[in-house]
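Dear colleague,

Here is the structure I said I would pass on. My notes follow below it.

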Amino acid sequence: MSRRRFLARATGIVGVTAAPMAASAQQISLPTVKWRLTSSFPKSLDAIYGIAESIGKRVAASTGGKFQIQVFAAGELVPALQALDAVQNNTVECAHTAPYFYFGKDPTFAFGCAVPFGMNARHQNAWMYYGGGMALMRDFYQKYNIVHFPAGNTGAQMGGWFRKEVRTIADLKGLKIRIGGFAGRVLAKLGAVPMQIAASDIYPALEKGTIDAAEWVGPYDDEKLGFYKVAKNYYYPGWWEGGPELDLFVNQGAWNALPKEYQSILEAACAEANVLMLAKYDAMNPAAMRRLVVNHRVQLRPFTREILEACWNAANEVCAEEAAKNPEFKKIYESWKPFRDDQILWSRVAEQNFDRFMTSAGAKPAANR
């Protein structure tokens, strides 16, 4: 073999091995980081709690185990509805939660999750990623010392479990219902009594009659929590949650301290979670609904047109009232509302017509199978 050919081959070998060696050297130079994540959800709900574990696994796998996020269920470190406070105060570095849980601090939080008669999951993603929503919400979250990442969505939710039928507006008066924040204020205008209760406390409250109704998510989660055992009337749609976004809230200081490589990996892991969680609910809900109706004799009931229209009007009143007194809310509402309206117009052209035809053409309700 000539000297020239030997050197060429040797150079080629070095070229192949140099890149992995450089990558390993870069990985070695990055620090070991250990974070704690508090979830607002119990371990029994594998879709909504489990997605936080998926984020941790993806981050660890992408950093050779050097960036680890340990996930804790609601109540293990802090109560479910105090996740924001824990991140804000750096008690934990991050939390997986629903922003509208913190409606009591400022109704503006609702835009980061769901607003009554708001956007579906696709519309919410469009607004957040490409409609200015991300920048607006991050500007708002700054005063809470957090940075956020969309990290899940349930899709349109059910209207909840009722011990008795509700047919008219009069049936809502005095109704004690487990429901959070914005929707609670809307229903209060119609005479209902809203209560915000963590997931683990809903069943006993329904069973004892402390509450008359409760909403949670949808068939897959609701079946796991056993609500069908204590309330047989399952209403739809959950007009307050057309596409509720779940977020990863990260302490601003902890985020700033991360190497850029870790920041990029965490952001990508959250984007993946945002897709996977919705996909899991879409995959699991049909069979769960069938079991509820066929096996557990649950009665599916639509909210009447009268109730929906009354709630629509009340929701618009609440938004107008809040915008008149809350500059933060007004600023985001003025971006959010026209974007929602445009999305609805576009959906009417293709998506809704396609869905309407498919529903009439072939798909049959679970009860008829």
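Which residues touch the most other members of the largest nonpolar core? They are Trp35, Trp127 and Leu266, in a core of 119 residues. A nonpolar core here is a set of buried Ala, Val, Leu, Ile, Met, Phe, Trp, Tyr and Cys residues joined through side-chain atoms within 4.5 Å, where buried means under 20% relative accessible area with a 1.4 Å probe, protein chains only. Helix 10 (residues 260-295) gives the most to this core, 12 residues.

This is a predicted model, in which local features need pLDDT of at least 70 and side-chain atom pairs count only at pLDDT 80 or more, while totals for chains, interfaces and linings use all residues. Residues are numbered from 1 along each chain as its sequence is written, and side-chain values use heavy atoms, without hydrogens and water.

Leaving aside residues up to four places away in sequence, Leu266 is in contact (heavy atoms within 4.5 Å) with Trp35, Ile55, Val59, Phe67, Ile69, Leu248, Val250, Trp255 and Leu258.

The sheet is open, with five strands in the order 2-1-3-10-4 and mixed pairing; strands (E, at least two residues) and helices (H or I, at least four) are DSSP runs numbered from the N terminus, and two strands pair if DSSP finds at least two bridges between them. Strand 2 (67-72) and strand 4 (146-153) are the edges, each pairing on one side only. Strand 4 runs antiparallel to strand 10 (residues 245-251), joined by six bridges; one partner pair is His148 and Phe249.

Regards

Key. Buried < 20%, exposed > 50% of the residue type's maximum accessible area, 1.4 Å probe, protein only.
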